[in-house]
Amino acid sequence: MEPDFDRLVQRASSDTAAADVLFARLYAELHRIAEYNLRRAGSTITLDTTSLLHEAYLNLSGRSAVTFTDEARFLAYASRAMRGLVIDYARRRRTLKRGRHIEITLSDNEVSPVSTQDSEELEQLGVALEDLGHLDPALAELVDLHFFCGFSFIEIAKLRGSSERTIQRDWRKARLLLQRSLTDVDGAVEE
């Protein structure tokens with residue numbers, strides 16, 4: 001990675017002009033990540049890619065205490081912000097579906113409403129990832145980069161400066177921890 005780009009990523013934490021330049025430079029990549037996040041959420045989310053990307057940018061630019069040491073950290077953080085927005089959107093849609101709030105929508109691109117099961121699964125995954133982030137932030141970042149950003153293990157290895165085999169091993173560990181966390185949530189819900 002080019003040293004100027006690394007400096008730009010680091011300056012973006014405290015300099016809004018640098019953050020704007022970084023956003024413009026990574027716009028295509030961030031748009032792809034937003035698209036991937038929405039595809040992962042399924043057809044139940046009616047939010048469009050550009051709206052998600054711009055909401056995530058507003059979320060990112062409003063944070064002053066966040067620092068990015070490199071591109072991988074920035075992209076993982078952006079993906080986490082998008083994931084959180086998708087989960088919040090699904091939660092709001094589920095609340096609307098249950099009749100707790102009335103909203104009139106004049107959009108022609110409304111597809112199907114969020115299924116309760118899908119939005120609950122998204123919410124559970126979000127909670128499990130937050131728990132994983134407290135336990136091992138690097139594993140949570142790996143899940144964001146692979147599962148939500150759509151990066152391959154080779155791309156993540158390059159971003160992190162490690163081997164593909166290490167990334168695969170960490171991925172298996174992250175999946176096991178997430179699976180355990182999700183099983184614990186399901187067990188607690190059923191009781």
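**Reading buried residues and helices**

Me: Asn37 has a relative accessible area of 2%; is Asn37 buried or exposed?

Reply: The general idea is a set of cut-offs: with a 1.4 Å probe and protein chains only, a residue is buried under 20% relative accessible area, exposed over 50%, and partly exposed in between. With its 2%, Asn37 is therefore buried. Please keep in mind that this is a predicted model, in which local features need a pLDDT of at least 70 and side-chain atom pairs count only at pLDDT 80 or more, while totals for chains, interfaces and linings use all residues. Residues are numbered from 1 along each chain as its sequence is written, and side-chain values use heavy atoms, with hydrogens and water left out.

Me: In which helix does Asn37 lie, and which residues is Asn37 in contact with?

Reply: Helices (H or I, at least four residues) and strands (E, at least two) are DSSP runs, numbered from the N terminus, and Asn37 belongs to helix α3, which covers residues 27-41. A contact is a pair with heavy atoms within 4.5 Å. If we set aside the neighbours within four places in sequence, Asn37 is in contact with Leu52, Ser79, Met82, Arg83 and Phe148.

Me: How many helices and how many strands does the protein have?

Reply: There are 9 helices and 0 strands, and reading along the sequence gives the pattern α-α-α-α-α-α-α-α-α. Of the 191 residues in the protein, buried residues make up 38%. For the contacts with a separation of 6 or more, 63% are accounted for by residues 24 or more positions apart.

Me: Which residues touch the most other members of the largest nonpolar core?

Reply: A nonpolar core is a set of buried Ala, Val, Leu, Ile, Met, Phe, Trp, Tyr and Cys residues joined through side-chain atoms within 4.5 Å. The largest one here has 52 residues, and Leu30 and Phe74 touch the most other members. Helix α5 (residues 71-97) supplies the largest share of this core, 12 residues. To follow one case with your eye, take Leu30, which touches Phe23, Leu53, Phe74, Leu75, Ala78 and Met82 when residues up to four places away in sequence are not counted.

Me: Which residues of helix α2 are buried, and how do I read their arrangement?

Reply: In an α-helix there are 3.6 residues a turn, so residues three or four places apart point the same way. In α2 (residues 16-25), the buried residues are Ala18, Ala19, Leu22 and Phe23. Seen down the axis of α2, these residues fall within an arc of 140 degrees (taken from the directions from the helix axis to the C-beta atoms), so they line one face of the helix.

Me: Which residues are the buried ones in helix α8?

Reply: In α8 (residues 153-160) they are Phe153, Ile156, Ala157 and Leu159. Down the axis of α8 they fall within an arc of 160 degrees, so here too one face of the helix is lined by its buried residues. After α8 comes Gly161, whose phi is positive, near 70 degrees.

Me: What is Leu129 in contact with, leaving aside its neighbours within four places in sequence?

Reply: Leu129, found in helix α6, is in contact with Arg83, Ala140, Val143, Asp144, Phe148 and Leu178. Leu129 counts as buried, at 3% relative accessibility. The C-alpha atoms of Leu129 and Ala140 are 6.1 Å apart in space, although the two are 11 residues apart in sequence. Gly133 is also found in α6, but Gly133 is partly exposed, with a relative accessible area of 23%. Between Gly133 and Val143, 10 residues apart in sequence, the C-alpha to C-alpha distance is 9.9 Å.

Me: Where does Ser181 lie, and is Ser181 buried or exposed?

Reply: Ser181 lies in helix α9 (residues 164-190), and at 14% relative accessibility Ser181 counts as buried. Not counting residues up to four places away in sequence, Ser181 touches Ala128 and Asp131. Beyond its neighbours within four places in sequence, Trp171 is in contact with Leu142, Val143, His146, Phe147 and Phe153. From Trp171 to Leu142 there are 29 residues in sequence and 7.0 Å in space, C-alpha to C-alpha.
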